Amino acid sequence: MPRRAFLPDLLAPDLPLVIVGFNPGAVSASQGHYYAKPGNQFYPLLHHAGLTPRRLFPGEDHTLPNHGIGLVDLCPWRAGQSDLLTPRDVAQGRRALLAKLGKARPRAVAFNGLTLFKHVFGRMPAPGLQEEKLGKSAVFALPSTSGLVNGRWREREAAFLALAAWLRPRGPAAGG
């Protein structure tokens, strides 16, 4: 029986970018918006990297597809800290996530958290562009934007800037 997701997937076919989160935090689940907990650096990093024209706020998450960005969670039916997810949750979420991404066909998929990436691909990555692909989608690993992971602004900034640079058109033959 399908479980009810706390947040809707924000997906559309052929977006330039889909960002994958682990699961909604308690604040996000209660407010009904992605990355809603104060202290999460998600929206400031999107803007700082030039992926959005201004800093958006959690209540504006539904506008991200208008900026070419989709959002989806690995385990959208579990709210709270990701370390409380069971292996079964992760396995079910992985199957569903891969099916959703296969239908959406984004140009790039970025995993918001290195441990999240490990749960999907089975290895701990360095931040940045990865050798793996999902269909034709390039894959990036980003350090978590969570406020629970402190003191990593420079690492996060570098990863988001590299992602934005990769996404920028490079002339008529652009494609990454």
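This is a predicted model: local features need pLDDT of at least 70, side-chain atom pairs count only at pLDDT 80 or more; totals for chains, interfaces and linings use all residues.
Start by selecting residues 87-104, which form helix α3. This helix has 18 residues and reaches 25 Å from its first C-alpha to its last, close to the 26 Å expected at 1.5 Å a residue.

Within α3, colour D89, V90, G93, L97, L101 and A104, which are buried. They cover an arc of only 80° around the axis, so they lie on the same side of α3. An α-helix has 3.6 residues a turn, so residues three or four places apart point the same way.

What do these buried residues pack against? Show the strands β1 (17-21), β2 (69-73), β3 (108-112) and β4 (128-134), together with helix α4 (114-121): the buried residues of α3 pack against these elements.

Now turn to the face of α3 directed away from its buried side, and select R88, R95 and K103, which are exposed. Just after the helix, pick R105, whose phi is positive, at about 50°.

Next, select R107 and W166. The charged end of R107 sits over the ring of W166, 4.6 Å from its centre.

Finish with the aromatic rings. The model has eight aromatic pairs. One of them is Y35 and Y43, an edge-to-face pair with 6.5 Å from centre to centre and 80° between the planes. Both of these residues are buried. F42 and Y43 are both buried. Select Y34 as well to see the cluster in which ring pairs link Y34, Y35, F42 and Y43.

How values were computed. Residues are numbered from 1 along each chain as its sequence is written. Side-chain values use heavy atoms; hydrogens and water are left out. Helices (H or I, at least four residues) and strands (E, at least two) are DSSP runs, numbered from the N terminus. The expected span of a helix is 1.5 Å times one less than its number of residues. Buried means under 20% relative accessible area, exposed over 50%, partly exposed in between (1.4 Å probe, protein chains only). The arc is that of the directions from the helix axis to the C-beta atoms. Contact means heavy atoms within 4.5 Å. Rings of Phe, Tyr and Trp (its six-membered ring) pair if their centres lie within 6.5 Å; planes under 30 degrees apart count as stacked, over 60 as edge-to-face and the rest as tilted. A charge sits over a ring if NZ of Lys or CZ of Arg is within 6 Å of the ring centre and within 35 degrees of the ring normal.
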